[in-house]
Amino acid sequence: MMKKKRLSASKASLVLFLCQMISALDVPLDLSQPPTITQQSPKDYIVDPRENIVIQCEAKGKPPPSFSWTRNGTHFDIDKDAQVTMKPNSGTLVINIMNGGKAEAYEGIYQCTARNERGAAISNNIVIRPSRSPLWTKEKLEPHQVREGDSLVLHCRPPVGLPPPIIFWMDNAFQRLPQSERVSQGLNGDLYFSNVQPEDTREDYICYARFNHTQTIQQKQPISVKVFSMDSLNDTIAANLSDTDIYGAKPVTEKQPILLTPTGSTSTKVELRGSVLLLECIAAGLPTPGIHWIKEGGELPANRTFFENFKKTLKIIDVSEADSGNYKCIARNILGSAYHVISVTVKAAPYWITAPRNLVLSPGEDGTLICRANGNPKPNISWLANGVPIAIAPEDPSRKVDGDTIIFSHVQERSSAVYQCNASNEYGYLLANAFVNVLAEPPRILTPANKLYQVIADSPALLDCAYFGSPKPEIEWFKGVKGSILRGNEYVFHDNGTLEIPVAQKDSTGTYTCVARNELGKIQNEVQLEVKDPTMIIKQPEYKVIQRYGQVSFECIIKHDSTLLATVTWLKDNDELPDDERFLVGKDNLTIMNVTDKDDGTYTCIVNTTLDSVSASAVLTVVARPNPPFDLELTGQLERSVELSWIPGDENNSPITSFVIEYEDGLHEPGVWHYQTEVPGTQTTVQLKLSPYVNYSFRVIAVNEIGRSQPSEPSEQYLTKSANPDENPSNVQGIGSEPDNLVITWEPLKGFQSNGPGLQYKVSWRQKDVDDEWTSVIVANVSKYIVSGTPTFVPYEIKVQALNDLGYAPEPSEVIGHSGEDLPMVAPGNVQVHVINSTLAKVHWDPVPLKTVRGHLQGYKVYYWKVQSLSRRSRRHVEKKILTFRGNKTFGMLPGLEPYSSYKLNVRVVNGKGEGPASPDKVFKTPEGVPSSPSFLKITNPTLDSLTLEWGSPTHPNGVLTSYVLKFQPINNTHELGPLVEIRIPANESSLILKNLNYSTRYKFYFNAQTSVGSGSQITEEAVTIMDEVQPLYPRIRNVTTAAAETYANISWEYEGPDHANFYVEYGVAGTMASRQVDIATQGWFIGLMCAVALLILILLIVCFIRRNKGGKYPVKEKEDAHADPEIQPMKEDDGTFGEYSDAEDHKPLKKGSRTPSDRTVKKEDSDDSLVDYGEGVNGQFNEDGSFIGQYSGKKEKEPAEGNESSEAPSPVNAMNSFV
């Protein structure tokens, strides 16, 4: 919802125009003029007798007027009364009451006269009356004793005060007595009871009269009312009352309406035009009558008609002669009706049609004064001159009286005077002063020079040119200094000199000149007009629906003229925003945090500038879960049903969609609530089905789109009568737990299903297909019964029937159960296996006879296990596998077998008790399959034109290996592949030297094994031949620099080494790892330990090199032999047997350096031949000359390395990762 409002241009135009019309008739105060009354007291002036009396009379004129007073028609000489003073330069009287004067002495009719040399003006007749608040006359009030159902009127009869007091009824505790359609206060102050009830009995009905002028409250004596109820009359009272007595022992009877006020069938009412018409009808009756109003022969006036006092009072405001007529009130209840007709006549005190206005004439001019008034009856018009009836006033040849008009011809300066017009009838009078002022004055412009007018584009512009002159000047307007006179339909010229531009545009901006001229002269004045852009709300607040405790925001984005200052104000329901910190007013929005129900309403954004105002409104609807229902009531209680009704709680602006009814069984499950039913949200009653022997309580939950309400308060409890059970236990089963028993189980009835006390069960059974009688037993409220001594696994017919103290449930249905099972007796026979392929086999068997199963046949289990692999001839731990085949199947598939292996299996039958004996083991073999990939492929010893390949046999050969297949192809710098070369290698080989390769070339290798079945999956690797025979350049990092910022750091270095290097950066947080390293390096024990370790390593290295130089074998060889790792032992080229390290190999790089994988990352398993095994766990690294390099560190694991050297600073952890 959006509402826009802009300051109305038409209203602004009208207000300004009227103001300027009035000012145009005003004579400047520096010119001679007769007196004008500017302020006076009201005609009927009621004063506080305790305060001074101030009778106002102010007037203006040139020269300043003098003042005099009359009292009750005669001159009031204020100089002779010490209590009366007149204010200086004023005609206002002050009568001093507070210093001994009495207000009553100054009651009367006062009139003020203001006089100067040009005439005399008079005030209204001011009637002075002091207010009165007399005490209540003492009276003895008898208690009112009234029978229940009768009517009663308690009379107030307040003292006559001035003005009349305000009446209200209260009790002794100063609490207003509650009023209703049955009990209400009349316009005369009396308290009316349409019918009395026992609760009306009380002794403190007190009428109060409040006199506002004196600020006093008078209290009437308390009135006692005692209501007799016929049910409460005792036998003694009844015996003392006759049959015709008002208190006769008659039941309370209903009564048709009768009117308590007004009495009779008709009445009349006279009201004055413009006042408020109040008509009243109060009726008695039982039940309490309702009141209805109509106007005979017409309609009640819309927008001016109101009903008060529970429709007993008809109120019409601002009445006119058209409201005269017959008004009928009708009182009606179920027994009949009564009515009263009030004939209303609207009279009218005089009111103006045309009041006389001041007249300014130049000598020799003509003019008229007009005085026209209306009223009912029609008022009489009389004229006075300077306060004297015109008939006895001094003669003036220039004037002529013609009824309600005075005509002036060829006036002269002596014709100046003040004339009074009096219009009167029996309901009042009107008095108006109007002067005739004869002046000869050149034009004057009263509007200030260069006055700036600012208006909004497309709205009217009113440029003022207030003027005075005698004779009346003519006015002309020009735009600009040398512009032409303004004419045409685009301008409106008002009699008071105002220029109106009905629709001002931006090009209307400029200077406007007003010229006033008469026969005595000419004058001009300039004013400025600026036309501004209108203020607009370009993004208005929108209707919002928000859940309670949420957050909502209204936008109000504005656009306005840049030269105007705009202020934005937010209102809630046309009032200021609550003083609450939850309301956040931003530049373009209003945000409400943590919304509550009281935030619901209309929010208005008002944008104000000095020239215009716009607004836009939007409604905020706060929704929430509904309030819980209340006032739950049970009616229509029957044995198996009841009607529940309730009153919905507040829906919180989201309609209730449904009601959920829950019940509690206070007899069987107290405190537990169960779902009963659900009804639509428009329904507030429901018929509920009940079960016997349940102590019901109900509650209702309301549901809307937001969620569920809190549950209502529980209803009253309702205990239903007991009855036979309606149903039997469910889920009856018979399953033996032992071979010689039958266990009968069932799901017991719930508490409310028992239908009565003493719930038990009758359990019956007999063997099926055998001509046996039913065996029965009655058990308590349990869920199981065991029958012993039964044959193994035979069928039984079973039934379970509920009963209670009142009888049995209906006959139950029968179910079939079985006594207990035993293990199967025989194994499946004729087990056959058909091998389908190297990993799948199919097994067959003959089913066992059902009699030997001795239970429910659940299926067959196949146990199978691998005995050995035919390729390796090695036995290992036997792991049996089990496959279960449900039902009476006679075959099954065995997946996931290993190729080229020997298996055994057996088959067993399964029932509910367990497995039977196994069939004899059956042996079968699987054929060969394709092998898995080789376990590894390593490429070592790169030279200019050769590479050495080493590999491991497949982990799962899956048969007899026939050969290996090697394929390789070169890769250029753009990663394009060259021609593919294939080599077949005998199965007993584990290495190969590839020769005649291109130098400095990368090759990609594909390697796989084969059996007679086919090729297995391949393994791939890449390697590069070297460029020349010089020692390879190992990577080196130097000149490492860092530049740290707040959240990152830049690290740069210089790198020397081969291409395709990977770099690894290690870093830590200062004070954590780094600080621990520094701390431990400064410890004396750590320094000593590291020195000892370094010395030991140095000794070992010297020993090793000495032995090597002598041609001997060093302990590494012994270690390698102990490890028996074929991957790290050298292979002789001629016979493929494993050799030893010898002097003949001294020119070759050590194996560690030659076994770096193609990705140039040192693997963990590749360090097994290092000196770690001989160095007590401390690793080392050597330069090309064999010297030890590195530093000590706490690092405990290897890092990835580029080539044969780590890319990080060497440390004791990785210093010996390779030999160089």
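The model is a predicted one, so please read each value as computed from it.

**Aromatic pairs**

Let's start with the rings. The count of aromatic pairs comes to 20. One of them joins Trp951 and Phe1007: the ring centres are 4.7 Å apart and the planes meet at 45°, so this pair is tilted. A tilted pair falls between stacked, under 30 degrees, and edge-to-face, over 60. Where do the two partners sit? Trp951 belongs to strand 80 (residues 947–954), while Phe1007 belongs to strand 84 (residues 1002–1010), so the pair ties together parts that are 56 residues apart in sequence. Trp951 counts as buried because its relative accessibility is 4%, and Phe1007 is buried too, at 0%.

Now look at Phe968 and Tyr1003. Their ring centres lie 6.1 Å apart with planes at 65°, so this pair is edge-to-face. Phe968 is in strand 81 (residues 963–971) and Tyr1003 is in strand 84, which makes this a link between distant parts of the chain, 35 residues apart. Phe968 is buried, with 8% relative accessibility, and Tyr1003 is buried as well, with a relative accessible area of 4%.

Here are the two pairs side by side.

| Pair | Distance between ring centres | Angle between planes | Type |
|---|---|---|---|
| Trp951 and Phe1007 | 4.7 Å | 45° | tilted |
| Phe968 and Tyr1003 | 6.1 Å | 65° | edge-to-face |

Aromatic residues can also gather in a group: Phe168, Phe174 and Tyr208 form one aromatic cluster.

**Charges over rings**

Which residue lies over the face of Tyr429? Lys43 does, at 4.0 Å from the ring centre. In another example, Arg202 places its charged end over the ring of Tyr205, 5.7 Å from the centre of that ring.

Is Ser194 buried or exposed? Ser194 is buried, because its relative accessible area is 2%, and buried means under 20%. You can find Ser194 in the loop between strand 16 (191–193) and strand 17 (202–211). Setting aside neighbours within four places in sequence, the contacts of Ser194 include Asp150, Ser151, Glu181, Arg182 and Lys312. Also among them are Ala283, Ala284, Gly285, Thr288 and Pro289.

Ser615, by contrast, lies in a strand, namely strand 56 (residues 613–623). Ser615 counts as buried, at 2% relative accessibility. How far apart are Ser615 and Ile537 in sequence and in space? They are separated by 78 residues in sequence, and their C-alpha atoms are 7.6 Å apart in space.

How values were computed:
Residues are numbered from 1 along each chain as its sequence is written. This is a predicted model: local features need pLDDT of at least 70, side-chain atom pairs count only at pLDDT 80 or more; totals for chains, interfaces and linings use all residues. Side-chain values use heavy atoms; hydrogens and water are left out. Helices (H or I, at least four residues) and strands (E, at least two) are DSSP runs, numbered from the N terminus. Buried means under 20% relative accessible area, exposed over 50%, partly exposed in between (1.4 Å probe, protein chains only). Contact means heavy atoms within 4.5 Å. Rings of Phe, Tyr and Trp (its six-membered ring) pair if their centres lie within 6.5 Å; planes under 30 degrees apart count as stacked, over 60 as edge-to-face and the rest as tilted. A charge sits over a ring if NZ of Lys or CZ of Arg is within 6 Å of the ring centre and within 35 degrees of the ring normal.
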